[in-house]
Amino acid sequence: MSRGTVLALVLGGLYLASRLTGLTTLPIFLDETQLIYWAVAIADGEKWLRPWSYGKGTSVFLNALLFPWAFDHYLWASRALAVGFGGATLMAG
């Protein structure tokens with residue numbers, strides 16, 4: 001394994017360890033409440049025009065795909081998805 005690969009794996013591991021520790025320690029924020037509400041509604045088959053109007057379509061629709069498997073852990077799942085987006089951005093940069 002090359003040094004660059006090892007460095008990327010270590011950096012990725014440190015990123016995940018620091019971001020996923022205590023992920024739901026903070027209370028839910030108002031914007032998270034709205035985004036989770038929209039995602040649950042979309043997962044239940046409701047209309048999905050509103051998130052696009054507010055520029056939140058991507059995260060809401062990916063959460064809606066994730067929520068059928070999240071059961072009652074919507075906040076953790078939504079924040080973990082945001083950590084995943086951040087990690088992908090970190091590795092792409």
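Is Ile-42 buried or exposed, and what is its relative accessible area? I looked up Ile-42 first. Ile-42 is buried, at a relative accessible area of 15%. For this value I used a 1.4 Å probe and protein chains only; buried is under 20%, exposed is over 50%, and partly exposed is in between. Ile-42 sits in helix α2. I took helices as DSSP runs of H or I with at least four residues, numbered from the N terminus. I also checked Ile-42 against Leu-26, 16 residues apart along the chain. Their C-alpha atoms are separated by 25 Å.

Ground rules for these entries. The model is predicted, so I note that local features need pLDDT of at least 70 and side-chain atom pairs count only at pLDDT 80 or more, while totals for chains, interfaces and linings use all residues. Residues are numbered from 1 along each chain as its sequence is written, and side-chain values use heavy atoms, with hydrogens and water left out.

Entry: α2 and α5. I looked up how these two helices cross. The axes of α2 (residues 30-43) and α5 come within 11 Å and cross at roughly 100 degrees. That makes α2 roughly perpendicular to α5, a term that covers 65 to 115 degrees. The axes are lines fitted to C-alpha atoms over the stretch in contact, and angles run from 0 to 180 degrees between N-to-C directions. On the α2 side I found Glu-32, Ile-36 and Val-40. They meet Tyr-74, Leu-75, Ser-78 and Arg-79 in α5. Contact here means heavy atoms within 4.5 Å. By class, the residues of this contact are four nonpolar, one polar and two charged. I counted Ala, Val, Leu, Ile, Met, Phe, Trp, Tyr, Cys and Pro as nonpolar, Asp, Glu, Lys and Arg as charged, and the others, Gly among them, as polar.

Entry: Ser-78. Ser-78 lies in α5. I found Ser-78 buried, with a relative accessible area of 14%. Leaving out residues up to four places away in sequence, Ser-78 touches Ile-36, Asn-63 and Phe-67.

Entry: Leu-90. This residue is also in α5. Leu-90 is partly exposed, at 36% relative accessible area. Beyond its neighbours within four places in sequence, Leu-90 is in contact with Leu-11 and Tyr-15. Leu-90 and Leu-11 are 79 residues apart in sequence, yet 9.1 Å apart in space, C-alpha to C-alpha.

Entry: Ser-59. I placed Ser-59 in helix α4. Ser-59 is partly exposed, at 25%. Setting aside residues up to four places away in sequence, Ser-59 touches Leu-35 and Leu-81.

Entry: Phe-71. Which loop holds Phe-71? Phe-71 lies between α4 (57-70) and α5. Its phi is near 55 degrees, a positive value in a residue other than glycine. Phe-71 is exposed, at 59% relative accessible area.

Entry: largest pocket. I read its volume as about 170 Å³. A pocket is an open set of points on a 1 Å grid over the protein atoms alone, where a 1.4 Å probe fits, with protein on both sides within 12 Å along at least five of seven lines; lining residues have an atom within 4 Å of a point. The volume is the space filled by probe spheres set on the points, which are joined across faces, edges and corners. The lining includes Ser-18, Arg-19, Glu-32 and Arg-79. α1 (3-20) and α5 (74-92) are the elements that give two or more residues to this lining. α5 gives the most, with three residues. By class, I noted five nonpolar, two polar and three charged residues in the lining.

Note on methods: Angles under 35 degrees count as roughly parallel, over 145 as roughly antiparallel, 65 to 115 as roughly perpendicular and the rest as oblique.
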